[in-house]
Amino acid sequence: MNPIRRPFRYSYYNATLYLIGINVLVFILSYFRPALTSFLGISPGGFFIAHRFWQPVTYMFTHGSIMHILFNMLTLLFFGTPTEKAIGTKEFLLMYFLCGILIGLLSVTALYFLARYNVFFYYYNLIGASGAIYTLLLVYAVIFPKAKIFIWGILPVPAPLLIVIYFVIELVSQFSSVSNTAHYAHLLGLLLGWLYLVIRMGIHPVKVWIEAYRRR
């Protein structure tokens, strides 16, 4: 058996709730100690110059506002719980942390090279679980291809279609938006989630979606 695809023995410990708890705790601590945001978030100056090598992990637990953490934690709760139950806690945590850490490392490396042309990027601080959340959304849409997500609680959208919509929105926003949202991290989350499914789990998302909606 390919060692990369060797499955874990199934176990379920509801790690999703623990992840949410840690995120909330860090947010509360950061509220009283704002300096924690730059200390735990990932930036070229912090990672490459100050050698804060924990940042590719800790940035995922750091959020800048109530709405930021609320959206991410609600998404983690609603999509993380069924996904974790389906693939097991160990697989879920490997997927979440591996893709999240890689998103951080790829992002901070790109920012480091951009900083050669604009010193501002040395201090750009990436925070939030959004990249790993986008990975989770993709994996959920592949494991539950017939699931419907209700937008605004009203409009039902098939999970695979929602992923396509998110991809288009993030791609367009990356080149047109002037907000501080790290759209590139969201795109990396989708890309790495795709690669994780193909390489680690041997699942091809498009094939799963086509099979799920093929008329019989």
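Me: To begin with H9, how many of its residues are buried?
Reply: This is a predicted model. In it, 13 of the 18 residues of H9 are buried, so the helix is mostly covered.

Me: What span should H9 have, and how far apart are its end C-alpha atoms?
Reply: At 1.5 Å a residue, its 18 residues should span 26 Å. The end C-alpha atoms are 25 Å apart, which agrees with that expectation.

Me: Now to salt bridges. How many are there in the whole structure?
Reply: A search of the whole structure finds 2 salt bridges. One of them joins the side chains of Glu-91 and Arg-200, at 2.8 Å from N to O.

Me: Which helices hold Glu-91 and Arg-200?
Reply: Glu-91 lies in helix H6, residues 89–114, and Arg-200 lies in helix H9, residues 183–200. The pair therefore ties together parts that are 109 residues apart in sequence.

Me: Are Glu-91 and Arg-200 buried or exposed?
Reply: Glu-91 counts as buried because its relative accessibility is 8%, and the cut-off for buried is under 20%. Arg-200, at 10%, counts as buried as well.

Me: Which residues form a salt bridge at 3.1 Å?
Reply: That salt bridge is between the side chains of Glu-211 and Arg-214, again given from N to O. Glu-211 has a relative accessibility of 33% and so counts as partly exposed. Arg-214 is also partly exposed, at 49%.

Me: How do the lining residues divide into nonpolar, polar and charged?
Reply: The lining of the second largest pocket has 15 nonpolar residues, 1 polar residue and no charged residues.

Me: Where is His-63, and is it buried or exposed?
Reply: His-63 sits in the loop between helix H4 (55–58) and H5. Its relative accessible area is 3%, so His-63 is buried.

Me: What does the side chain of His-63 reach?
Reply: A polar contact of 3.1 Å joins it to the side chain of Asn-72. The side chain of His-63 also reaches the backbone nitrogen of Ala-129, at 3.4 Å.

Me: One more topic, backbone angles. What is phi of Asn-14, and what is phi of His-51?
Reply: Phi of Asn-14 is near 55°, a positive value in a residue other than glycine. Phi of His-51 is near 60°, again positive in a residue other than glycine.

Me: Where do Asn-14 and His-51 lie?
Reply: Asn-14 is in the segment before helix H1 (15–32), while His-51 is in the loop between helix H3 (44–49) and H4. Asn-14 is partly exposed, with a relative accessible area of 22%. His-51 counts as partly exposed too, at 47%.

Technical notes. Residues numbered from 1 in each chain as written. Predicted model: local features only at pLDDT ≥ 70, side-chain atom pairs only at ≥ 80, totals over all residues. Heavy atoms only, no water. Salt bridge = Lys/Arg side-chain N within 4 Å of Asp/Glu carboxyl O. Helix = DSSP H or I, 4+ residues; strand = E, 2+ residues; numbered from the N terminus. Buried < 20%, exposed > 50% of the residue type's maximum accessible area, 1.4 Å probe, protein only. Expected span 1.5 Å × (residues − 1). Nonpolar A, V, L, I, M, F, W, Y, C, P; charged D, E, K, R; others polar. Polar contact = N/O pair within 3.5 Å; in protein donor to acceptor, adjacent residues only side chain to side chain.
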